[in-house]
Amino acid sequence: MTYCLGLLMREGLVFVSDSRSNAGVDNITLVRKIRTFVVPGERVIVMLSAGNLATTQAITGLLTAAAGNGFVGQDIHLCLNMFDAAQLVGDKLRAQIARDAPHVQPYGDPNATFIVGGQIRGEGPRMFEIYSAGNFVEVTQRRPFAQVGETKYGKPILDRAFRYDTSLGEASKLALLSMDATVRSNLSVAAPVDLLPYPIDTFSAAGLRTFETSDPYWHALCDGYDAGLRELVHRLPGPTEAS
């Protein structure tokens with residue numbers, strides 16, 4: 001299992017993913033689940049992946065190998081807009097599952113999901129959630145985030161605190177706290193955590209940062225949130241005190 005999250009806001013995009021992959025309690029590995037395709041000054045496309053590791057690695061590998069080959073329908077650098085990029089990923093995913101599913105299903109689930117977001121010059125930042133069938137939905141101002149993998153633990157804080165007009169800095173903190181809630185509640189999700197805040201019109205992925213379990217900022221953020229939450233609950237009136 002994994003947890004990946006993408007946030008869309010007026011100031012740009014935020015992506016976060018964990019690194020744990022497991023096939024049972026005694027077969028745990030660490031795998032980076034974020035992939036970027038960057039043409040500086042022209043486009044940034046980010047992929048987050050969850051689900052069957054062989055499937056997600058196949059899609060990432062196919063797109064990486066074809067990047068820059070100049071063939072329409074293969075080269076992600078030739079996509080005219082982010083919708084085309086999502087369509088390309090969806091097509092590759094559909095074809096890969098159709099190829100592998102009959103052989104994988106006797107042993108496990110071949111399905112996978114992706115979050116694909118970024119910006120191509122000529123349009124604003126966009127984000128899509130891609131399903132195993134290869135179809136997808138776009139993240140919008142009214143639904144400004146997408147989650148794949150183990151989604152339920154990290155969703156409440158986003159429902160309460162995240163909005164389209166949230167600043168990029170605040171959104172980055174919320175993304176990490178959403179990840180922390182998931183890590184605490186599900187052993188199949190774990191650090192290192194990769195975070196990429198993308199400021200609009202920068203066409204760069206230079207902000208990508210990895211947080212290990214020992215990272216001082218990670219501890220300060222999570223411990224500060226814990227302490228603040230306990231203090232807030234302490235100050236709220238109890239049910240017998242409420243009028």
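I count a contact when heavy atoms lie within 4.5 Å. This is a predicted model, where local features need pLDDT of at least 70, side-chain atom pairs count only at pLDDT 80 or more, and totals for chains, interfaces and linings use all residues. Residues are numbered from 1 along each chain as its sequence is written, and side-chain values use heavy atoms, with hydrogens and water left out.

**Entry: Ser-49.** I found Ser-49 in strand E6 (residues 43-51); strands are DSSP runs of E with at least two residues, helices runs of H or I with at least four, numbered from the N terminus. Ser-49 has a relative accessible area of 9%, so I call it buried (under 20%, 1.4 Å probe, protein chains only). Leaving out residues up to four places away in sequence, Ser-49 touches Thr-2, Cys-4, Lys-33, Thr-56, Thr-113 and Phe-114.

**Entry: cores.** A nonpolar core here is a set of buried Ala, Val, Leu, Ile, Met, Phe, Trp, Tyr and Cys residues joined through side-chain atoms within 4.5 Å. I see 25 residues in the largest one, with Leu-7 and Leu-158 having the most contacts inside it. H4 gives the most to this core, seven residues. Beyond four places in sequence, the contacts of Leu-158 include Leu-5, Leu-7, Phe-145 and Leu-174. A second, separate core has 22 residues, among them Cys-79 and Met-82.

**Entry: pocket lining.** Which helix supplies the largest share of the lining of the second largest pocket? I noted H5, with five residues. Helix H3 (155-161), helix H4 (168-185) and helix H5 (216-235) each supply at least two.

How values were computed:
Buried means under 20% relative accessible area, exposed over 50%, partly exposed in between (1.4 Å probe, protein chains only).
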